[in-house]
Amino acid sequence: MKKILIIKPSSLGDIIHALPVATAISRQVPGAVIDWVVRPEYAEILEAHPAIRRIFLFDRGKWSRLSRMLKTLPEMISLVRSLRRENYDEVLDLQGLFRSGLLSFLSGSSLRFGFENAREFSPVFYNRKVKVLKERIHALERYQLFLKEMGLKMLDPDYGLKPSDDAFSFVENLLSKAGIRPDRPLIILNPNARWETKKWIAERWQELAKRLVTELQAEVIFAGGEAEASECDSLARGAGGLVHNLAGKTTLMQLAALLKKSSLLVTCDSGPMHLSVAVGTRVVALFGPTDPVRTGPYGSENRVLHKDMDCSPCLKRSCPERTHACMEAITVEEVFQEVKQMIVKLGSDTNS
């Protein structure tokens, strides 16, 4: 039996990209025990993965400043002691920052894997360094390089993410109460993103929603977390009462179940985009300041709308030119036609 610890506290999209590593290890290492260090808000995702035994919660905020570290020192010591008691054979630091590298070292494992080009001097804590030969490589494929360094095969990605029956029952009840008609295509719109530069124009979301309802006879839902509920409610009302707002009404795995039951997700570059891919629902993604080659929706069946501009991808949280030109350049007509083609294809695939 081999005991393996994965350190990947955040973010949602990165955690989803790392899940196939756990799946591949469980399939190739008989009896492998796989544990994971994660931030509390993402633990629910890992609980839904059958290969993960134990989850250790890591609150990054408590490690960010010396004053906070001193206040929560007993809690941190407790975490380190818990890790050391497990006597891990191998530790994989997929986060690649000073805190995660230090935690890999403090775990006491004799084999500590990490990217050789990781940030914040974290490679000083690793004794098995993973090489990344290509600059532009998708994050999921980048994490798969850990398997190669471990002497394992890089299998076709399997996220292993399965929402529970309770999550599906909750979503079915939610859709029923909202008056969603099951005989129509169900399209989810996610206008939310952590960076303002990733967001599309609000009025265009509203216009797109109207057209999806009136021209495609689709059921359209704005979705997101609790923090985005107010914004999504405003967008839904601005669409003339034709669409529904379920933002803030689901947990992460209930959102995964909602996406699984949907025909399609239209989204900015965000965590829910990757969650949709993980449960097998196709995506139309709008990209501006970030690079779809590295962080786009994985898989050839998904679509990306991205303008080839001199300033993009800039990877900036605020637009240096203050124009948001890369997102402004994406039109409603372009997005609508992409969605229409995908809905037609999904219909033909179902009929065949």
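## Helix packing

Helices H1 and H6 cross in a right-handed sense. The structure is a predicted model. Helix H1 covers residues 12–28 and helix H6 covers residues 139–149; their axes come within 9 Å and cross at roughly 30°.

On the H1 side, the contact is made by Asp14, His17, Ala18, Pro20, Val21, Ala24 and Ile25, which meet Ala139, Leu140, Tyr143, Gln144 and Leu147 of H6. Sorted by class, the residues in this contact of H1 with H6 are nine nonpolar, two polar and one charged.

## Salt bridges

Side chains of opposite charge can pair when their charged atoms come close. The model contains 22 salt bridges.

One of them joins aspartate 35 to arginine 53, with the closest N and O atoms 2.6 Å apart. This pair links distant parts of the chain, since aspartate 35 belongs to strand E2 (residues 33–38) and arginine 53 to strand E3 (residues 52–57), 18 residues apart. Aspartate 35 has a relative accessible area of 0% and is buried, whereas arginine 53, at 46% relative accessibility, is partly exposed. Both residues also take part in a network of salt bridges that links Lys3, Asp35, Arg53, Arg54 and Glu86.

## Salt bridges involving loops

Glutamate 219 and arginine 181 meet through their side chains in a salt bridge of 2.7 Å, N to O. Glutamate 219 is in strand E8 (residues 219–222), while arginine 181 is in the loop between helix H7 (165–178) and strand E7 (186–190); the pair therefore ties together parts that are 38 residues apart in sequence. Glutamate 219 counts as buried because its relative accessibility is 3%, which falls under the 20% limit. Arginine 181, at 40% relative accessibility, counts as partly exposed.

A further salt bridge brings together the side chains of lysine 307 and glutamate 334, at 2.4 Å from N to O. Lysine 307 sits in the loop between strand E12 (303–306) and helix H13 (325–328), and glutamate 334 sits in helix H14 (residues 332–351), so parts that are 27 residues apart in sequence are tied together by this pair. Lysine 307 is partly exposed, with a relative accessible area of 24%, and glutamate 334 is also partly exposed, with a value of 27%.

## Aromatic pairs

A pair of aromatic rings is described by the distance of the centres and the angle of the planes. Across the whole structure, five aromatic pairs are found. In one of them, the ring centres of phenylalanine 98 and phenylalanine 125 are 5.5 Å apart; the pair is edge-to-face because the planes stand at 65°, and an angle over 60 degrees falls in that class. Phenylalanine 98 lies in helix H5 (residues 98–106) and phenylalanine 125 in the loop between strand E5 (112–115) and strand E6 (128–130), so this pair ties together parts that are 27 residues apart in sequence. The relative accessible area of phenylalanine 98 is 39%, and this residue is partly exposed; phenylalanine 125, at 12%, is buried.

The rings of tryptophan 200 and tryptophan 205 have their centres 5.2 Å apart and their planes at 85°, so this pair is likewise edge-to-face. Tryptophan 200 and tryptophan 205 are both buried. Phe98 and Phe125 also belong, together with Phe105, to one aromatic cluster.

Key: Residues numbered from 1 in each chain as written. Predicted model: local features only at pLDDT ≥ 70, side-chain atom pairs only at ≥ 80, totals over all residues. Heavy atoms only, no water. Salt bridge = Lys/Arg side-chain N within 4 Å of Asp/Glu carboxyl O. Helix = DSSP H or I, 4+ residues; strand = E, 2+ residues; numbered from the N terminus. Buried < 20%, exposed > 50% of the residue type's maximum accessible area, 1.4 Å probe, protein only. Axes fitted to C-alpha atoms, helices over the stretch in contact; angles between N-to-C directions. Left-handed = near helix turned anticlockwise from the far one by under 90°. Contact = heavy atoms within 4.5 Å. Nonpolar A, V, L, I, M, F, W, Y, C, P; charged D, E, K, R; others polar. Phe/Tyr/Trp six-rings, centres within 6.5 Å; stacked < 30°, edge-to-face > 60°.
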